[in-house]
Amino acid sequence: MATTIVNGNDIGLYVGGVLIGCLTSSTFNSANEEIDVTCKDNGGARQVLAGGNTSSIDFEGFFNPAATYGFNDLIAIHKNKTEVNIKMGDNTNLTVFALAQLLTLSWTAPLNAGSTFSGTFSISGAWTYSET
């Protein structure tokens, strides 16, 4: 059976259905918390219950004022603390959908190099995914 690896270039990060332009990377993070319910009388065996889920999407890109959706748009939703619909995926194999706030946003202006930006969307509520 042949294995097909998805090219990272084909996976985009979208806000309100519009692709964030000139990104160089995006990372979906998800961690399930656990609730420790270990009792003294269980023979030393640890017991846990499923807890909440904490999820986020980190991203980085080049500052391009001509991007259809870029840093200029991201700074506005960050400043206004706007909750937005985001999705990350290739629309063919797997796409993650969520409601999120842009909690952190950075803009870097190095010497003799392209200006970059990065940020983290903190997911609010339950996220979903689609395999197509």
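Me: Which residues line the second largest pocket?

Reply: First, the idea. On a 1 Å grid over the protein atoms alone, a pocket is an open set of points where a 1.4 Å probe fits, with protein on both sides within 12 Å along at least five of seven lines. Lining residues have an atom within 4 Å of a point. Here the second largest pocket is lined by Val 6, Ile 11, Phe 28, Met 88, Gly 89, Asp 90, Asn 93, Leu 94 and Val 96. This is a predicted model: local features need pLDDT of at least 70, side-chain atom pairs count only at pLDDT 80 or more, and totals for chains, interfaces and linings use all residues. Residues are numbered from 1 along each chain as its sequence is written, and side-chain values use heavy atoms, with hydrogens and water left out.

Me: How much space lies in the second largest pocket?

Reply: A volume is the space filled by probe spheres set on the grid points, which are joined across faces, edges and corners. For the second largest pocket that is about 150 Å³.

Me: What classes of residue make up its lining?

Reply: Ala, Val, Leu, Ile, Met, Phe, Trp, Tyr, Cys and Pro count as nonpolar; Asp, Glu, Lys and Arg count as charged; the others, Gly among them, are polar. The lining of the second largest pocket has six nonpolar, two polar and one charged residues.

Me: Which strands each supply at least two residues of that lining?

Reply: Strands (E, at least two residues) and helices (H or I, at least four) are DSSP runs, numbered from the N terminus. β5 (83–89) and β6 (94–108) each give at least two residues to the second largest pocket.

Me: Where is Asn 93, and what does it touch?

Reply: Asn 93 sits in the loop between β5 and β6. Contact means heavy atoms within 4.5 Å. Leaving aside residues up to four places away in sequence, Asn 93 touches Val 6, Ser 130, Glu 131 and Thr 132.

Me: Why does Asn 93 count as partly exposed?

Reply: Buried means under 20% relative accessible area, exposed means over 50%, and partly exposed is in between, with a 1.4 Å probe and protein chains only. Asn 93 has 41% relative accessibility, so it counts as partly exposed.

Me: What about the largest pocket?

Reply: About 200 Å³ of space lies there. Of its 13 lining residues, Gly 8, Ile 11, Leu 23, Thr 24 and Ser 25 are the closest to the centre. β1 (12–15) and β3 (23–36) each supply at least two lining residues. β3 gives the largest share, four residues. By class, the lining has six nonpolar, seven polar and no charged residues.

Me: In what order do the strands lie in the sheet?

Reply: Two strands pair if DSSP finds at least two bridges between them. Seven strands form an open sheet here, in the order β2-β1-β5-β6-β7-β4-β3, with antiparallel pairing. β2 (18–19) and β3 are the edge strands, so each pairs on one side only.

Me: How many bridges join β3 and β4?

Reply: Twelve, in the antiparallel sense, with β4 covering residues 48–62. Leu 23 has Gly 61 in β4 as its bridge partner. Asp 36 has Val 48 in β4 as its partner. On to β7: seven bridges join β4 to β7, and these strands run antiparallel.

Me: Is Ser 56 buried or exposed?

Reply: Ser 56 is buried, because its relative accessible area is 16%. Ser 56 belongs to β4 and stands opposite Ser 122 in β7.
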